[in-house]
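I opened the notebook to look up a few things in this model.

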Amino acid sequence: MEQVEPPHGAALSPPVAGARIAKESPDAEDYLQLCQCVGATLQWDERLRMPRNELSTFLRSRSTALYILRHDGQALGLCEFDGFGEREVELKHFGLIPAAQGRRLGPYLLDWSLRAMWSDGPDRIWLHTDTNDHPKAKSTYERIGFKSYAEVWEEFPD
């Protein structure tokens, strides 16, 4: 899916009092802990398999942008982008911990993070989604302006 222009309309307001989003640069351990909490049911394993030195380099890279949603200091979700400052940016990971789902925090996090990324002036933000994603993922992406541009069937061994 791709988005070729910023989200339209007014930015979404925090659906929960005290919810805050900020661009952060966590260390590898904090990042992995959040990834495991968010991605366990989604089969996120790419970052878990990265050697720690490569992960640390990725997290410190100028092209990495990581937005974390917090409530009362607790990390509830993340939006991870690769390609910050470039013409094309990939939304690599987006999700919430299970306890935060169903409270409209996901659309808020996505809207806020995309607006922040578009402020840097890319031509395109793209992502891929798959059958392991949350059942509402594709409709959430479509509501915020993403359009499908390709569909591929891939099989991976267990």
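**Strand pairs**

I kept in mind that the model is predicted. Next I looked up the strands around that pair. Strand S5 covers residues 88-96, and strand S6 covers residues 124-126. I found S5 and S6 paired in the parallel sense, over 3 bridges.

**The whole sheet**

I then asked: what is the order of the strands in the sheet? I read it as S1-S6-S5-S4-S3-S2. The sheet is open, has 6 strands and shows mixed pairing. Strand S1 (2-3) and strand S2 (19-23) stand at the edges. Each has a single partner strand, so one side of each lacks a neighbour in the sheet.

I moved on to strand S3, residues 64-71. How many of its 8 residues are buried? I noted 7, so S3 is largely enclosed by the rest of the structure.

I checked S2 against S3. They pair in the antiparallel sense over 5 bridges. Ala22 has Ile68 in S3 as its bridge partner.

I checked S4 as well, which spans residues 74-82. S3 and S4 run antiparallel and are joined by 8 bridges. Here I picked out Leu66, whose bridge partner in S4 is Glu80. The hairpin of S3 and S4 has 2 residues between the strands. In that hairpin I found Asp72 with a positive phi near 50°.

**Glu90**

I went back to S5 for Glu90, which is found in that strand. Is Glu90 buried or exposed? Its relative accessibility is 12%. Buried means under 20%, so Glu90 counts as buried. I then listed its contacts, leaving aside neighbours within four places in sequence. Glu90 is in contact with Glu80, Phe81, Asp82, Trp126 and His128.

**The cavity**

The structure holds 1 cavity of 30 Å³ or more. I noted a volume of about 40 Å³ for the largest cavity. Which residues line the largest cavity? I wrote down Cys35, Trp44, Asp45, Glu46, Arg47, Leu48 and His93. By class, I have 3 nonpolar, 1 polar and 3 charged residues in this lining. Helix H2, residues 46-49, gives the most to the lining, with 3 residues.

Notes
Residues numbered from 1 in each chain as written. Predicted model: local features only at pLDDT ≥ 70, side-chain atom pairs only at ≥ 80, totals over all residues. Heavy atoms only, no water. 1 Å grid on protein atoms, 1.4 Å probe; cavity = no way out; pocket = protein on both sides within 12 Å on 5 of 7 lines; lining within 4 Å. Points joined across faces, edges and corners; volume = space filled by probe spheres on them. Helix = DSSP H or I, 4+ residues; strand = E, 2+ residues; numbered from the N terminus. Nonpolar A, V, L, I, M, F, W, Y, C, P; charged D, E, K, R; others polar. Pairing = 2+ DSSP bridges. Buried < 20%, exposed > 50% of the residue type's maximum accessible area, 1.4 Å probe, protein only. Contact = heavy atoms within 4.5 Å.
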